[in-house]
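Subject: Handing over a structure

Hello,

Here is the structure I promised to pass on to you.

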Amino acid sequence: MTPAGVKWLRIKIVGGGGGGGGSGTSAGNGTSGGNTTFGTSLLTANGGTFGFAATPGTATNGGAGGSATGGNINISGQWGDYVPSGAAGSKMSGAGGSNPLGFGGMGGSEGAAGIPGTGNGSGGGGGGDILGLTVGGSGGGSGGYVEYILASPS
């Protein structure tokens with residue numbers, strides 16, 4: 001129930017950030033972020049997709065940013081950084097995508113896990129290479145961001 005005298009509401013929503021991809025000989029992909037909605041179909045901020053696992057010798061895509069619809073301001077999420085093609089031991093891992101609420105996580109290096117993002121809906125960093133034996137994982141995409149002014153919220 002809306003309190004008496006309220007003239008307008010500012011609504012901000014963000015989709016979940018995707019997890020970073022793993023590295024290693026049997027590395028896994030991250031997990032996609034969840035979607036956020038307001039109303040039955042009024043506002044939608046979709047989650048970012050996961051970063052892909054490392055594959056030596058081939059470029060590994062970062063996760064896609066989530067879409068954003070219905071608001072006065074709609075900002076799609078940023079893609080996670082990819083891992084370029086290269087030989088095993090390149091020690092590269094991708095950073096997660098950023099959004100207006102925070103920066104994406106940093107990629108790990110030399111066997112270290114990726115670091116989570118600093119804000120709601122930001123993507124996670126990819127896992128680091130395993131002591132020079134693989135390439136690192138790619139970063140997850142950030143969630144979409146929606147901002148909306150709801151006039152006369154009765």
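Ile11 has Tyr148 as its bridge partner in β6. That bridge belongs to the pairing of β1 with β6, which is antiparallel and runs over seven bridges; two strands count as paired if DSSP finds at least two bridges between them. Strand β5 (residues 73-75) also pairs with β6 in the antiparallel sense, here over three bridges, and Ile75 stands opposite Tyr145 of β6.

Before you read further, please note that this is a predicted model, in which local features need pLDDT of at least 70 and side-chain atom pairs count only at pLDDT 80 or more, while totals for chains, interfaces and linings use all residues. Residues are numbered from 1 along each chain as its sequence is written, and side-chain values use heavy atoms, with hydrogens and water left out.

Now the overall picture. The protein chain has zero helices and six strands, so its elements read β-β-β-β-β-β from the N terminus on, where helices (H or I, at least four residues) and strands (E, at least two) are DSSP runs numbered from the N terminus. Of its 154 residues, 41% count as buried; buried means under 20% relative accessible area, exposed over 50%, and partly exposed in between, with a 1.4 Å probe and protein chains only. Among contacts (heavy atoms within 4.5 Å) between residues at least 6 apart in sequence, 60% join residues at least 24 apart.

Back to Tyr148. Not counting residues up to four places away in sequence, Tyr148 touches Leu9, Arg10, Ile11, Leu42, Leu43, Gly70, Gly71 and Asn72. Tyr148 is also part of the largest nonpolar core, whose seven residues are Ile11, Ile13, Leu43, Ala45, Ala68, Val146 and Tyr148. At least two residues of this core come from each of β1, β3 and β6. A nonpolar core here is a set of buried Ala, Val, Leu, Ile, Met, Phe, Trp, Tyr and Cys residues joined through side-chain atoms within 4.5 Å.

Thr44, in strand β3, is in contact with several of these core residues, including Ile13, Ala68 and Val146. Thr44 counts as buried because its relative accessibility is 19%.

How many salt bridges does a search of the whole structure find? It finds one, between the side chains of Arg10 and Glu147, at 3.5 Å from N to O. The pair links distant parts of the chain, 137 residues apart, with Arg10 in strand β1 (residues 8-14) and Glu147 in strand β6 (residues 145-151). The rule asks for a side-chain nitrogen of Lys or Arg within 4 Å of a carboxyl oxygen of Asp or Glu. Glu147 counts as buried, because its relative accessibility is 15%.

There is one aromatic pair as well. Phe50 and Phe52 form it edge-to-face, with 5.2 Å centre to centre and 65° between the planes. Rings of Phe, Tyr and Trp (its six-membered ring) pair if their centres lie within 6.5 Å; planes under 30 degrees apart are stacked, over 60 edge-to-face and the rest tilted. Phe50 is partly exposed at 24% relative accessible area, and Phe52 is partly exposed at 34%.

One last stop is Thr60, in the loop between β3 (43-45) and β4 (68-69). Is Thr60 buried or exposed? Thr60 counts as buried, because its relative accessibility is 4%. Its C-alpha atom is separated by 9.4 Å from that of Gly94, 34 residues apart along the chain.

Best wishes
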